[in-house]
Amino acid sequence: MDTNRRIQLAKKSLKGISIGDAFGESFFGERKLMLNYIEERTIPETTWEFTDDTVMAISVFEQLERSGTIDQDDLAQQFSINHNKDVNRGYGATARRILREIGEGGNWKVISRNAFEGMGSMGNGASMRVGPIGAYYYDNLNEVKHQAKLSAEITHSNIEGITGAIAVSIATALATKFNIESTEVSPKNFIESIIKELPDSDTKSKVNKSLSVPYSYNIETVRNILGDGTKIMVQDTVPFSIWCAAHNLNAFDEALWKAVSILGDRDTICAIVAGITIMSCDEKSIPKDWQNSVEKFEKSIFRKTNKYI
Ligand SMILES: [Mg+2]
């Protein structure tokens, strides 16, 4: 496959991330009210602005666009530059500190390793931005894992933080591959194919656990088993996101309604789910008003070139 086509695939995943991110962000509010919106399939009044998930995914995408590989030093700088362009995009406290320190000339390797008293971050921030890598290298899972790890380490040196990025990028790659090859895949096979690629970790165990969770389970029960992202950690964000995507590979909008219904870390969970499922769906199946309303990453201040792509 030629490079241009790969870039288009990566861009498609980024578009999914931006829609999911902005969609999910719209549902922060009083719980009962949000549950009503979800039941009625109505989106609350919203600016459709995306958040840190998409801002960081733009920088990952640009690495692929430039050379097809992640240059960690350059990506660290881009993350920091974009953080400074608009600090009010929902970054977590640790991410803010890491990106600020990188901007002040700090060495990302030291900063990332020292996070959380030397454990490194197991937050979900590396998972939310990695979709474009899976789409770009959909036919080479070893390269997906390698590039995903490179993209994660800048801010998430803990094995869980890295495993989350690998899981989401592999899921995106498989969704892309099955779509291109017109292969139908069951949720079970999809999840099992991801598990095979994961290093031993809590995240892997929990993704494995998702195999035993029927889609018909009450969402409260699903939350108790798989988590909902409120701890902002990979272990309670990625297993549910993968499970949700696996059961909705051919239904982008259904995937997002299910993703938001758990009312957890909703921008990030919806960004992850959308970055995966957009790859296995026809773009025409995405509701027109969602596509038209979402803040356009192509024109945003976070594009390095600030040109259309
Ligand atoms: Mg966010």
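Helices, in this tour, are DSSP runs of H or I with at least four residues, and strands are runs of E with at least two, both numbered from the N terminus. The model is a predicted one: local features need pLDDT of at least 70, side-chain atom pairs count only at pLDDT 80 or more, and totals for chains, interfaces and linings use all residues. Residue numbers start from 1 along each chain as its sequence is written.

**The whole chain**

Display the protein chain as a cartoon; 16 helices and 0 strands are assigned. Its C-alpha atoms fill a box of roughly 50 × 45 × 40 Å along the principal axes. The radius of gyration, taken over C-alpha atoms, is compared with a globule rule of 2.2 Å times the number of residues to the power 0.38. For 309 residues a compact globule would come near 19 Å, and the protein chain has 17 Å, which agrees.

For colouring by burial, a residue is buried if 20 or more other C-beta atoms lie within 10 Å of its own, exposed if 12 or fewer, and partly exposed in between, with C-beta atoms placed from the backbone. Buried residues account for 54% of the 309 residues. Two residues are in contact if their C-beta atoms, placed from the backbone, lie within 7 Å. Among contacts between residues at least 6 apart in sequence, 75% join residues at least 24 apart.

**The largest nonpolar core**

A nonpolar core is a set of buried Ala, Val, Leu, Ile, Met, Phe, Trp, Tyr and Cys residues joined through C-beta atoms within 7 Å. Select Ala167, Ala171, Ile194, Ile242 and Val273, which touch the most other members of the largest such core, a set of 91 residues. Helix α9 (residues 159–180) supplies the largest share of this core, 11 residues. Centre the view on Ala171: beyond residues up to four places away in sequence, Ala171 touches Gly134, Ile194, Ile242, Ala245 and Ile276.

Next, select α13 (238–246), where 9 of 9 residues are buried. Among them are Phe240, Ile242, Trp243 and Cys244. The cover over the buried residues of α13 includes α9, α10, α11, α12, α14 (252–261) and α15 (266–277).

Move to α11 (residues 202–209), in which Thr203, Lys204, Lys206 and Val207 are buried. These residues cover an arc of only 165° around the axis, which puts them on the same side of α11; the arc is that of the directions from the helix axis to the C-beta atoms. Their cover includes α9, α10 (187–195), α12 and α13.

In the loop between α10 and α11, select Asp200. Asp200 is exposed, with 9 other C-beta atoms within 10 Å. Draw a distance from Asp200 to Glu160: the two are 40 residues apart along the chain, and their C-alpha atoms are separated by 9.3 Å.

Helix α4 (residues 72–85) has 14 residues and reaches 20 Å from its first C-alpha to its last, close to the 20 Å expected, where the expected span is 1.5 Å times one less than the number of residues. The buried residues of α4 include Leu75, Phe79, Asn82 and His83. Against them pack α3 (52–67), α5 (93–103), α6 (108–114) and α8 (141–153).

Ala115 is the next selection, in the loop between α6 and α7 (131–136). Ala115 counts as buried, with 21 C-beta neighbours inside 10 Å. Apart from neighbours within four places in sequence, Ala115 is in contact with Thr94, Ile98, Gly120 and Ser121. Arg97 lies 18 residues from Ala115 in sequence and 9.6 Å in space, C-alpha to C-alpha.

**Asp267**

In helix α15, select Asp267. With 26 C-beta neighbours inside 10 Å, Asp267 counts as buried. Setting aside neighbours within four places in sequence, Asp267 is in contact with Asp21, Gly24, Glu25, Thr51, Asp53 and Gly90.

**Two positive phi values**

Finish with Trp48, in the loop between α2 (31–39) and α3. Phi of Trp48 is near 60°, a positive value in a residue other than glycine. Trp48 is partly exposed, with 19 other C-beta atoms within 10 Å.

Then select Ile232, in the loop between α12 (219–226) and α13. Phi of Ile232 is near 60°, a positive value in a residue other than glycine, and Ile232 is partly exposed, with 19 other C-beta atoms within 10 Å.
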